[in-house]
Amino acid sequence: MSTPSLETVSRPERLRRVVIEPLSRVEGHGKVTLLLDEQGHVAQARLHIVEFRAFEKFIQGRPYWEVPVMVQRLCGICPVSHHLAACKALDQVVGATLTPTAEKIRRLMHYGQILQSHALHFFHLSSPDLLFGFDSDVARRNIVGVAAEYPDIARQGVLLRRYGQEVIRHTAGKRIHGTGSVPGGVNKSLTREERDELLVDAYQMIAWSRDAVRLARRLFEQNLELYRGFATFRANTLSLVRADGALDLYHGGLRARDATGRVLFDHAPYDRYWERIAEDVKAWSYMKFPYFKALGGDDGWYRVGPLTRVTQCDFIPTPLADRERREFLAFDEGRAAAATLGFHWARMIEMLHAAEAIKDLLHDDDLLGSDLMAGGRREARGVGVLEAPRGTLIHHYRVDEDDQVVRANLIVSTTHNNQAMNVAIREVARRYLDGRQLTEGLLNHIEVAVRAFDPCLSCATHAVGKMPLSVQLIDADGAVASEIQRG
Amino acid sequence: MLVFAIGNPSRGDDAVGPQLAERLAEAALPGVEVLIEFQLQVEHALDLEDRERVVFVDACVDAESAAVVRPVLPDARFAHTSHALAPSQVLETYVRITGREPPPAWLLGIQAERFELGEGLSLAATHGRDAAWPRLLELCRL
């Protein structure tokens, strides 16, 4: 792959600038800038997300056992992923190999998070675009519009969310700030009553998740030409896979392919991820750009997340999700699996897998066990990697002999996808915006491409009065030519 | 009734709602349940079931005084949001998924300025928190 065009224009001074800030329905501080020439042709397109780096300072100097609780405060959307990734890293520090009960409780918590996160994204954030159209009436293109026209879908989305949250509450101990997972294990298992309570609705969640996969497929079928070509590009890919090649969202080795599908490395131990992955910086972005060392900074960028995981594993170890995976891969001669909008379909396949995995775990009496903790030889370094809802999540800590964290490094899913999202918006800019009068609907195409990745950045703040969306068109002299406010 | 506090305890002034809620939980007023969340999301509409009334407590960057009380009504005009919802949007979601009117609701907004990770409350938010406490007790005793 060569460096994608539209990243940097040589003479930006006299170009018209369009700013979309912040991206609606994207957590964190996202901004897209487009530079247009006098004929309205797109000369440059960039996605800027303000990466949050203060976490190192936040964590350094703290005793390691506080970290799994503290890191939940990095992100109000997927705190469980940080909680578990930190614990996996610190398991290495305390030298623990988890007991069966501890590992299964953690897995249950993780699948609960996957279920609720994927439900939120599909039903709340993306279904308005997908059900009504990217440039449909903006007043209708939201969850309320979905609830009005598709009440069952909206209700199922809410109840799937709630069920996932209940799984988290029972395994983590609380709705938020859970303490269930600790370095070396867990501090509680399930009671029989908790297990039975979750089992009551487990089969309904599977049925609704299956319906959601079918809905995602139907949307793809009904808009085949659009979905095939929208923001489609080839990318290198990275995900965890189990030792037998199965999809495993909690644990495994690293598998990477290049853009042609050739395996670059497989079952690579994640505790030496830095031997495979490096991070680049660009002057125009606060967020780093990770890449495979073997391919170099220009060509080594890659994509993570549901679309990568579902296409990259050899099989899914639950039957309904695996059947859907095979149909997904075969659909339209494999084009859905290569399309950016295939993310939504793949995400729903993963939601179905999570629902099946929760049901299977709830039938496993190890969840009720009392052997919760393990230990071993103390180490100074720990790396924890799991597949969070949005993609691969890396936590890396160094702990001194006084048990204080002296170094922390986190690479979150959205950072892994930084360049892939930039490529996606450039494809959209080139195909849909170039030379045209910009409207809200057209600009929403950019957001649709970004939202497919479900980026989310450490935005655990939500104060009243924040988070408006403003789109400004600024002319070559720097004056605001027009402005759209929404939010 | 339900008191629903929103905010991240580790993000500067965002902690002001949870701090107030913890104080209220310690007071253990009869008939008052306290919930704390990082952000409001769609499933929180289900927490409104069978409530006589609801008070949302949140940091507020456009508060006209240290602590403000505003009625909250369902609002269908949320064309674009982040992963999180505003209180009015949670009420609207409740209406849409249950078909019923939501309980009467108020927002107790506390002035806030800074939201950096690891920071404590600003002076403004500290003042707001103290000013909000008697207002919260009033709302609980309506």
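The legends below describe close-up views of a predicted model.

**View 1. Chain B as a whole: three helices and five strands.**
Starting at the N terminus, the elements of chain B follow the order β-α-β-β-β-α-β-α. The radius of gyration of chain B is 14 Å, close to the 14 Å given by the globule rule for 142 residues, so chain B is as compact as a globular protein of that length. The C-alpha trace of chain B spans about 45 × 35 × 25 Å along its principal axes. Of the 142 residues in chain B, 52% count as buried. Among the contacts in chain B with a separation of 6 or more, 71% come from residues 24 or more positions apart.

**View 2. The open sheet of chain B, built from five strands.**
The strand order is S2-S1-S3-S5-S4 in chain B, and the pairing is mixed. Strand S2 (33-37) and strand S4 (67-72) of chain B are the edge strands, each pairing on one side only. From one strand to the next, the twist averages 20°. Strands of a sheet pair through backbone hydrogen bonds, in either the parallel or the antiparallel sense.

**View 3. Parallel pairing on both sides of S3(B).**
Strand S1 (residues 2-6) of chain B runs parallel to strand S3 (residues 54-60) of chain B, and five bridges join them. Within this pair, Ala5(B) has Val57(B) in S3(B) as its bridge partner. S3(B) also pairs with S5(B) in the parallel sense, over seven bridges. Here Asp58(B) stands opposite Gly109(B) in S5(B).

**View 4. S5(B) and its antiparallel neighbour S4(B).**
Six bridges connect S4(B) and S5(B), which pair in the antiparallel sense. Val72(B) stands opposite Ala105(B) in S5(B). S5(B) is mostly covered, with six of its seven residues buried.

**View 5. Helices H1(B) and H3(B) against the strands.**
Helix H1 (residues 16-27) of chain B packs on the sheet and touches S1, S2, S3 and strand S5 (105-111) of chain B. The direction of H1(B) makes about 145° with that of S1(B). Helix H3 (residues 123-140) of chain B lies across S3, S4 and S5 of chain B. H3(B) runs at about 155° to S5(B).

**View 6. The packing of two helices in chain A, H14(A) and H15(A).**
Helix H14 (residues 418-433) of chain A packs with helix H15 (residues 440-452) of chain A at an angle of about 155°, and their axes are 9 Å apart. Angles over 145 degrees count as roughly antiparallel, and H14(A) and H15(A) are therefore roughly antiparallel to each other. The crossing in which H14(A) passes H15(A) is right-handed. On the H14(A) side, the residues that meet H15(A) are Met421(A), Ala424(A), Ile425(A), Val428(A), Ala429(A), Tyr432(A) and Leu433(A). Their counterparts in H15(A) are Leu442(A), His445(A), Ile446(A), Ala449(A) and Val450(A).

Arg407(A) has 14 C-beta neighbours inside 10 Å and so counts as partly exposed. Leaving aside residues up to four places away in sequence, Arg407(A) touches Tyr397(A) and Arg398(A). Val385(A) is 22 residues from Arg407(A) in sequence, and the two are 17 Å apart in space, C-alpha to C-alpha.

How values were computed:
Residues are numbered from 1 along each chain as its sequence is written. Chains are lettered from A and ligands numbered from 1 in the order in which they are written. This is a predicted model: local features need pLDDT of at least 70, side-chain atom pairs count only at pLDDT 80 or more; totals for chains, interfaces and linings use all residues. Helices (H or I, at least four residues) and strands (E, at least two) are DSSP runs, numbered from the N terminus. The radius of gyration is taken over C-alpha atoms; the globule rule is 2.2 Å times the number of residues to the power 0.38. A residue is buried if 20 or more other C-beta atoms lie within 10 Å of its own, exposed if 12 or fewer, and partly exposed in between; C-beta atoms are placed from the backbone. Two residues are in contact if their C-beta atoms, placed from the backbone, lie within 7 Å. Two strands pair if DSSP finds at least two bridges between them. Axes are lines fitted to C-alpha atoms, for helices over the stretch in contact, and angles run from 0 to 180 degrees between N-to-C directions. Angles under 35 degrees count as roughly parallel, over 145 as roughly antiparallel, 65 to 115 as roughly perpendicular and the rest as oblique. A crossing is left-handed if the near helix is turned anticlockwise from the far one by less than a right angle, and right-handed if clockwise.
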